Amino acid sequence: MNADDKIIIADDAVIHPDDLHEDFIRSSGPGGQNVNKVATAVQLRFDAANAPGLSERVRERTIRLAGQRATKDGVIVIEARRFRTQEQNRADARARLAELVARAAEPPPPRRKKTRPSKGAVERRLKTKAGRGTIKKLRGRVDDD
């Protein structure tokens, strides 16, 4: 993925490269002394609140789905430090952002249709209920008449 390419997720969700801001920071984990010298981790910032490529519905859902990764201003911060190279971490951060926006762009599920049990089903349920009640009544103490 080239840095100049825009990420097209859906008709109402497009991420333009100028909406992204990347900072490279030092990463922890494996890598030996290289970890102390090279900034391989990527901190990707995406201003979702002001992104022109997102519809209003997708914008709100993206910020809500981001949770702790979103600031009060609607900027989503994704840190990628899984790999040892800057390019792999950059691609990972962009892929995670694209996945987040794709989940937000999914259409809402269809509304539930209200259904009622059939008359026969209600009668069967009440009949078994009455039968259980009778069985429980018969468990009582036996009288010697």
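Author: Helices (H or I, at least four residues) and strands (E, at least two) are DSSP runs, numbered from the N terminus. By that rule, the secondary structure of this chain comes to four helices and five strands. The model is a predicted one: local features need pLDDT of at least 70, side-chain atom pairs count only at pLDDT 80 or more, and totals for chains, interfaces and linings use all residues. Residues are numbered from 1 along each chain as its sequence is written, and side-chain values use heavy atoms, with hydrogens and water left out.

Reader: In what order do the elements of the chain run from the N terminus on?

Author: The order is β-β-β-α-β-α-β-α-α.

Reader: Which strands form the open sheet, and in what order?

Author: First, the pairing rule. Two strands pair if DSSP finds at least two bridges between them. Here three strands form an open sheet in the order β3-β4-β5, with antiparallel pairing. The edge strands are β3 and β5, each pairing on one side only. From one strand to the next, the twist averages 20 degrees. For that angle, axes are lines fitted to C-alpha atoms, for helices over the stretch in contact, and angles run from 0 to 180 degrees between N-to-C directions.

Reader: How many bridges join β3 (residues 20-25) and β4?

Author: Six bridges, in the antiparallel sense. To trace them, find Leu20 opposite Phe46 in β4. Then find Ile25 opposite Ala41 in β4.

Reader: And how many bridges join β4 to β5?

Author: Again the count is six, and these two strands run antiparallel. Val42 stands opposite Ala80 in β5. Arg45 has Val77 of β5 as its bridge partner.

Reader: Where do side chains point in a regular strand?

Author: They alternate between the two faces of the sheet.

Reader: How many residues of β4 are buried?

Author: Buried means under 20% relative accessible area, exposed over 50%, partly exposed in between (1.4 Å probe, protein chains only). In β4 (residues 41-47), five of the seven residues are buried, so the strand is mostly covered. Five of the six residues of β5 are buried too, so β5 is largely enclosed by the rest of the structure. Over the chain, buried residues make up 28% of the 145 residues.

Reader: Which residues of α2 are buried?

Author: Val58, Arg59, Thr62 and Ala66. Seen down the axis of α2, these fall within an arc of 100 degrees, so they line one face of the helix. The arc is that of the directions from the helix axis to the C-beta atoms. The buried residues of α2 pack against β2 (13-15), β5 (75-80) and α3 (86-105). Just after α2, Gly67 takes a positive phi of about 60 degrees.

Reader: Why does Arg59 count as buried?

Author: Its relative accessibility is 13%, so Arg59 counts as buried. Arg59 sits in helix α2, residues 56-66. Contact means heavy atoms within 4.5 Å. Not counting residues up to four places away in sequence, Arg59 touches Ala48, Ala49, Asn50, Ala51 and Leu54.

Reader: What span should α3 have?

Author: The expected span of a helix is 1.5 Å times one less than its number of residues. For the 20 residues of α3 that gives 28 Å, and its end C-alpha atoms are 28 Å apart, which agrees. Its buried residues include Asn89, Asp92, Arg94, Leu97 and Val101.

Reader: Ala93 is in helix α3. What is Ala93 in contact with?

Author: Leaving aside neighbours within four places in sequence, Ala93 is in contact with Val42, Leu44, Ile78 and Ala80. Ala93 has 0% relative accessibility, so it counts as buried. Ala93 and Leu44 are 49 residues apart in sequence and 6.5 Å apart in space, C-alpha to C-alpha. Across the chain, among contacts between residues at least 6 apart in sequence, 60% join residues at least 24 apart.

Reader: How many residues has the largest nonpolar core?

Author: A nonpolar core is a set of buried Ala, Val, Leu, Ile, Met, Phe, Trp, Tyr and Cys residues joined through side-chain atoms within 4.5 Å. The largest one here has 23 residues. Those with the most contacts inside it are Ile15, Phe46, Leu54, Val58, Ile76, Leu97 and Val101. At least two residues of this core come from each of β2, β4, α2, β5 and α3. Helix α3 gives the most, with seven residues.

Reader: Take Phe46. What is Phe46 in contact with, leaving aside its neighbours within four places in sequence?

Author: The partners are Ile15, Asp19, Leu20, Ala51, Leu54, Gly74, Val75, Ile76 and Leu97.
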